[in-house]
Amino acid sequence: MNTTTTPEFISVGALGEGFAVNNNILEVNEGLNGQDFTLHFPGGRTHEFRILNSQTLVWDGREQDARVTSVREGIYFVDFLMGNDFLVGDSVKKSMSLVLDNNSGQVTLVEAALPDEQATSISAYDRARQGTELTGVEAAILHGSVGGTQGGTAHAPTTELIGLRNRYHYSPEEVYEHVYLNNNFYTWHCIKGSEAGLGDTDRCHYIKIAEALYLFVWREKIVPTLGVILIDMNRLKTDGKIFGYNGFDFSSYTNFPVGAITEVVNVTTH
């Protein structure tokens, strides 16, 4: 065995190819078909959209390809990219992920964008020296209401996942561990699959949606990657997506679904 061999980081497109086989993603959900929504966020920001079907919506008057799933009754994950052209153009393509909570009339929006080639090329050392985040992936997390009416407990940041070490079986071929370290960081480790032997510690965000149901967002720094998933700790199931550049040439995007069967390995308390 050559102990000097180091696993190589792969593109997000190559990762998506590995995750596409025998995966544990949820089937799309038709429960919102034909429904119209008006979303209200702080500062007077509003969006209107209509779910045409589980794979198409109209967002502020523009039709978009989308994916609609539901990991828990009455709570939907709606994901799409602004614009239907996956080629990188003059404008930055945005990732839009909604957790639409029909049980409480609440909504959380994760609006994110990838860094361009120039921003990606800034070293972690230079970012640290400049006092900026180590990742160039940008994300804004907004909490609001559907139709201006909100009830129940609001979606909000949480510490309830911190200390958990979970194993995620995305497929029989793709298995990862997550260790949720603190409010800002988690560590991932690929046990089996396309990134076997790789691991890193990256920026993350935890949002409590309902009891034992969490929205987890991560932003990787080496290969620009955004992950947005719902983790149902009652059902021990996740569903969401990963967004990134298809290759290392920054010429096109990939946005693919992911879902896993969850296994709690252990819990560390501080």
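A cavity here is a set of points, on a 1 Å grid over the protein atoms alone, where a 1.4 Å probe fits but cannot get out; its lining residues have an atom within 4 Å of a point. Grid points are joined across faces, edges and corners, and a volume is the space filled by probe spheres set on the points. This is a predicted model, in which local features need pLDDT of at least 70 and side-chain atom pairs count only at pLDDT 80 or more, while totals for chains, interfaces and linings use all residues. Residues are numbered from 1 along each chain as its sequence is written, and side-chain values use heavy atoms, with hydrogens and water left out.

**Stop 1: the largest cavity**

The structure holds two cavities of 30 Å³ or more. Begin with the largest, which has a volume of about 170 Å³. Select L15, Y176, E195, E220 and I242: of the 16 lining residues, these lie nearest the centre of the cavity.

Next, colour α1 (12-19), β11 (174-180), β12 (185-192) and β14 (213-220), each of which supplies at least two residues of this lining. Helices (H or I, at least four residues) and strands (E, at least two) are DSSP runs, numbered from the N terminus. Which element gives the largest share of the lining? It is α1, with three residues. By class, the lining has eleven nonpolar, three polar and two charged residues. Ala, Val, Leu, Ile, Met, Phe, Trp, Tyr, Cys and Pro count as nonpolar, Asp, Glu, Lys and Arg as charged, and the others, Gly among them, as polar.

**Stop 2: L15**

Centre the view on L15, in helix α1. Is L15 buried or exposed? L15 has a relative accessible area of 7%, so it counts as buried (under 20% relative accessible area with a 1.4 Å probe, protein chains only; exposed is over 50%, and partly exposed lies in between). Show its contacts (heavy atoms within 4.5 Å): leaving aside neighbours within four places in sequence, L15 touches I10, Y176, E195, I242 and F256.

**Stop 3: the second largest cavity**

Now select F19, N23, I25, Y170, S171, E174, P257, V258 and G259, which line the second largest cavity. About 40 Å³ of space lies there. β10 (164-171) and β17 (253-267) each supply at least two lining residues, and β17 gives the largest share, three residues. The lining divides into five nonpolar, three polar and one charged.

**Stop 4: the barrel and β5**

Switch to a cartoon and follow β1-β2-β3-β4-β5-β6-β7-β8, a closed barrel of eight strands with antiparallel pairing. The twist averages 30° from one strand to the next (axes are lines fitted to C-alpha atoms, for helices over the stretch in contact, and angles run from 0 to 180 degrees between N-to-C directions). Two strands pair if DSSP finds at least two bridges between them.

Select β5 (residues 75-81), joined to the antiparallel β6 (residues 94-101) by seven bridges. D79 stands opposite S97 in β6, and the β6 partner of I75 is D101. On the other pairing, five bridges join β5 to the antiparallel β4 (residues 62-72), where R72 is the bridge partner of I75. In the β4 and β5 hairpin, with two residues between the strands, pick G74, which takes a positive phi near 85°.

Finally, show the side chains of β5. I75, F77, D79 and L81 point one way and Y76, V78 and F80 the other way, and all are buried.

Notes. 1 Å grid on protein atoms, 1.4 Å probe; cavity = no way out; pocket = protein on both sides within 12 Å on 5 of 7 lines; lining within 4 Å.
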